[in-house]
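Trainee: I have a new structure to read. Where do I begin, and how do I go on from there?

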Amino acid sequence: MQLILGIIYHFLGGFASGSFYIPYKKVKGWAWESLWIAGGIFSWLIIPFLAAWLTIPDFTAIISHADAHTITITYIFGVLWGIGGLTYGLGVRYLGVALGSTIILGLCSVFGSLIPSVYYNFYPAEGHDSFTDLLHNTWGQTVLLGILICVVGIIVCGKAGMLKDKDLQKDTELKKKEEYKIGLGLTVAIISGILSACFAFGIDAGKSMANEANDIWKLTHTGQGEFLFQNNVTYIIILLGGLTTNFIWCMMLNARNRTFGDYTNKKTPLIKNYLFCALAGTTWFLQFFFYGMGESRMGNGPSSWILHMAFIILVANLWGLALKEWKGVQKRTYAAILAGIALIIISVLVVGYGNSLK
C-alpha cells in the first residue's frame, strides 16, 4: 500500500510539473522575464515558506539546528539547479524542442537518480543506498532496468518530436537550420541536464533537516510510518538558491529589455496577470510538494527521482496529445509518441516493482 501511495504522489507531482506553464499562456502584454519572476516569487519563496509553516511546526528551529556546511551545500545545489533551469531554454533553442528536451531530461533523469548512490559508494551513510547496493541486489538491478527503459522512452519521445517537426515544418526548414547549432547546443544541453539534476542532490544534501522533521513528527505519531511532509523544510533552502539565480537573471533581462514597466503597466490586465502567475508558481511548487510525499513512502534511492522525471515527461506528452499538438502528423510519428509514452509507463511499473522487492 505504501508503494502504491508513493507512485500516486509522484504522479500528482509529475502532473503539476507538466501542467504549470499553462497559466503563463494567459498572461498578456508582459515579457517572459517579467512573468517568469512574478510566478517564481510564488514558486521559490512564498509557497515554500507557507507549505513549511502549515506542515512543520517551528520549522525555522530545524533550519537553525543545521550546521553551516549543510545549509551552504544545500543552497549551492539550489543555485546550480537554477542555472540548469535557465540554460534549458538555450538547449531547446539551438537543438530544437524535441532533441534539446530529450537530451536535457535524459541526463537529468540519469544523473539525478544515480549520482547520489555513486556518492554514497565513497562516503557511506546509514539509510542511504550506494551504487554497489543497486548492482548487487535484485531490487537494485530491477530499478536500474527501469531507469534504462525510461531513458529509451525519452529517446523515442524525442524521435517522435523530430518526426513531427519534419512533418509540419518542412516549409521552414531553412530558417530552422540557421538556429540549429549542434556544437553549442549539445554543450548547453549537457550543462543544463547535469545542473538540473542538482535539485535531487540538494534534497540529499539537506536530508538531515528532513530527518529531524521526521523524528519530531514520529514522537507524537507512533506507528504511523514516515512523515509525509519532511522535505518541506529542505525545499526552503534549495529554492532560495534557485530564486537567487532566476532573480538575478530576470532583473538583468528587465534592465536590458527595458521591461521593468510590465509590473505596473495599466494597459495590461494587471490583476489577471498576477493571478495567473501566482497560479502557475503555486502549481510549479506542488510538483516537489508531492515529490516529498512520494519519497517519504518509497524511501531513499533513485526510485523517487526517476518516477518524478518519468511522470513529468508522460504528463507533458499527454497534454500535447490532448491539446492536439500532434494533429496532422503521419501515422509513424503518432505511433512513435505513443510508443515513447508506453515505454515510460512501463519504466514506472518496473521501478515500482523493484522498489517493492527492497
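**Reading the model step by step**

Mentor: Begin with one pair of residues. Both Trp-81 and Phe-199 are buried. Keep in mind that this is a predicted model.

Trainee: What does buried mean here, and how much of the protein is buried?

Mentor: Buried means under 20% relative accessible area. Of the 358 residues of the protein, 51% fall in that class.

Trainee: How many aromatic pairs are there?

Mentor: The count is 25 aromatic pairs. Trp-81 and Phe-199 form an edge-to-face pair, because their ring centres are 5.1 Å apart and their planes stand at 75°. The cut-off for edge-to-face is over 60 degrees.

Trainee: Which parts of the chain does the pair link?

Mentor: Distant parts. Trp-81 sits in helix 4, residues 68–95. Phe-199 sits in helix 10, residues 198–205.

Trainee: How many helices and strands does the protein have?

Mentor: There are 15 helices and zero strands. Here is the general idea for a helix. An α-helix has 3.6 residues a turn, so residues three or four places apart point the same way.

Trainee: Is helix 10 mostly covered or uncovered?

Mentor: Mostly covered. Seven of the eight residues in helix 10 are buried. They are Cys-198, Phe-199, Ala-200, Phe-201, Gly-202, Ile-203 and Asp-204.

Trainee: Now pockets. What is the general idea?

Mentor: Rolling a probe the size of a water molecule over the atoms shows where empty space is left. Take the second largest pocket in this model. Its volume is about 370 Å³.

Trainee: Which residues lie nearest the centre of the second largest pocket?

Mentor: Tyr-119, Tyr-120, Phe-201, Asp-204 and Ala-205 do, out of a lining of 17 residues. Helix 4, helix 5 (97–122), helix 10 and helix 11 (207–220) each give two or more residues to that lining.

Trainee: How do the residues of that lining divide into nonpolar, polar and charged?

Mentor: The lining of the second largest pocket has ten nonpolar, five polar and two charged residues.

Trainee: Let us turn to contacts. What share of them joins residues 24 or more positions apart?

Mentor: Count the contacts with a separation of 6 or more. Residues 24 or more positions apart account for 81% of them. Leu-86 is in helix 4. Leaving out residues up to four places away in sequence, Leu-86 touches Trp-32, Thr-245, Asn-246 and Trp-249.

Trainee: Where is Ser-19, and which residues does it contact?

Mentor: Ser-19 belongs to helix 1, residues 2–19. Beyond its neighbours within four places in sequence, Ser-19 is in contact with Val-315 and Trp-319. Ser-19 counts as buried because its relative accessibility is 9%.

Trainee: Is Ile-8 buried, exposed or partly exposed?

Mentor: Partly exposed, with a relative accessible area of 43%. Ile-8 is also found in helix 1. The C-alpha atoms of Ile-8 and Phe-290 are separated by 9.0 Å, and the two residues are 282 residues apart along the chain.

Trainee: And Lys-164: is that residue buried or exposed?

Mentor: Buried, at 18% relative accessible area. The cut-off is under 20%, so Lys-164 falls within the buried class. Lys-164 has its place in helix 7, residues 138–168. Its C-alpha atom is 9.5 Å from that of Lys-327, a residue 163 residues apart from Lys-164 along the chain.

Trainee: Last topic: backbone angles. Which residues should I look at?

Mentor: Look for a positive phi in a residue other than glycine. Asp-58 is one case, with phi near 55°. Arg-258 is another, also with phi near 55°.

Trainee: Where are Asp-58 and Arg-258 found?

Mentor: In loops. Asp-58 is in the loop between helix 2 (32–55) and helix 3 (59–65). Arg-258 is in the loop between helix 12 (232–257) and helix 13 (270–298).

Trainee: Are they buried or exposed?

Mentor: Asp-58 is exposed, at 54% relative accessible area. Arg-258 is exposed too, at 78%. The cut-off for exposed is over 50%.

Trainee: What is the accessible surface of the whole protein?

Mentor: About 17000 Å², with 69% of it belonging to carbon and sulfur atoms.

Definitions and conventions:
Residues numbered from 1 in each chain as written. Predicted model: local features only at pLDDT ≥ 70, side-chain atom pairs only at ≥ 80, totals over all residues. Heavy atoms only, no water. Helix = DSSP H or I, 4+ residues; strand = E, 2+ residues; numbered from the N terminus. Buried < 20%, exposed > 50% of the residue type's maximum accessible area, 1.4 Å probe, protein only. Contact = heavy atoms within 4.5 Å. Areas by Shrake-Rupley, 256 points an atom, 1.4 Å probe, with all protein chains shown as cover. Phe/Tyr/Trp six-rings, centres within 6.5 Å; stacked < 30°, edge-to-face > 60°. 1 Å grid on protein atoms, 1.4 Å probe; cavity = no way out; pocket = protein on both sides within 12 Å on 5 of 7 lines; lining within 4 Å. Points joined across faces, edges and corners; volume = space filled by probe spheres on them. Nonpolar A, V, L, I, M, F, W, Y, C, P; charged D, E, K, R; others polar.
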